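User: I am new to this structure and would like a short tour. Could you start with the terms I will need?

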Amino acid sequence: MTHHILVVEDEAKLAQLFERFLQYKGYQVSVASDGLAGLATARESQPDLLILDWMLPGVSGLEICRRLRSTGVMVPIILLIAKDEVSDPVAGLDGGADDYLVKPFYLEELFARVRAHLHPNQEEDSDTGQFADLSLNRSTREVYRGDRLIELTAEEFDLLDYLLSHPCQPFHRRTIFEQVWGCDWSDDNLSILDQCVCCLRKKLTANGEKPLVQVLCGVGYVLRE
Ligand code: CA
């Protein structure tokens, strides 16, 4: 069953970004760009989840939340709050929101919250890891990008597994080395890590796919789109 998510967001670029990302994750997505339209669409189309920007033209996200709750609409609501706005997460939760995210946030963070509210009883399958079109199976030690099987060495697999277990989280090279190789870092060891990352990146993008393992200059590495 495809879940339907309504995104109420007045910044067109952001709305489009959320829409594409959530569609890519397999959801049906509708977008409304102001408060009144959002409220009307939420009532008419009865989405399975609502992503609601706080600051909207017309009716605010918080007000939409209150109005829906006061008429018994119990759809899960995630409020989006901008850092510089005078909006109080506690007031949001008091107003009936189930959760909130402070902008800017990583899309994978949004996905994690959406998943938690739409599939609260679904346990994470610890045997497999998934990020964008990348999937990894820890029992068979197979890695795919889409349908393409990628042959990795043991070190490359463990390195990718580590990054995939912490998507969008930047790591210092020293940390990665110590966690993956299980021994203290040294300058020589770090160059082994760099070579391993370099080979892994080549293998993951051999068919012209988007690079997912990204280099943070002078710092380390991160898995993100
Ligand atoms: Ca806004």
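Analyst: Buried means under 20% relative accessible area, exposed means over 50%, and partly exposed lies in between (1.4 Å probe, protein chains only). This is a predicted model, in which local features need pLDDT of at least 70 and side-chain atom pairs count only at pLDDT 80 or more, while totals for chains, interfaces and linings use all residues. Residues are numbered from 1 along each chain as its sequence is written, and side-chain values use heavy atoms, with hydrogens and water left out.

User: Which residues coordinate the calcium ion?

Analyst: Asp10 (OD), Asp53 (OD) and Met55 (O) coordinate the calcium ion, at 2.1 to 2.4 Å. Donors are N, O and S atoms within 2.8 Å of the metal (3.2 Å for Na, K and Ca); water is not among the atoms, so sites may look incomplete. The spacing of the donor residues in sequence is D-x42-D-x1-M.

User: Is methionine 55 buried, exposed or partly exposed?

Analyst: Methionine 55 is partly exposed, because its relative accessible area is 45%. Aspartate 53, with a relative accessible area of 2%, is buried.

User: How is the protein chain divided into domains?

Analyst: Domain 1 covers 4–118 and domain 2 covers 128–223; such bounds come from an automatic or database domain assignment. Their C-alpha centres lie 33 Å apart. Four residues from domain 1 and four residues from domain 2 take part in the contact, where contact means heavy atoms within 4.5 Å.

User: What area is buried between domain 1 and domain 2?

Analyst: About 370 Å² is buried there, and carbon and sulfur atoms give 62% of this area. Buried area is the accessible area (1.4 Å probe) that two parts lose on being put together, summed over both. On the domain 1 side, Tyr24, Tyr106 and Glu108 lose the most area to domain 2, together 90% of what that side buries.

User: Glu108 came up there. What does lysine 25 touch?

Analyst: Leaving aside residues up to four places away in sequence, lysine 25 touches Glu108, Phe111 and Ala132. The side chains of lysine 25 and glutamate 108 make a polar contact (3.3 Å). A polar contact is a pair of N or O atoms within 3.5 Å; within protein, one must be able to donate a hydrogen and the other to accept it, and residues adjacent in sequence count only if both atoms are side-chain atoms.

User: Is lysine 25 buried or exposed?

Analyst: Lysine 25 counts as buried, because its relative accessibility is 19%.
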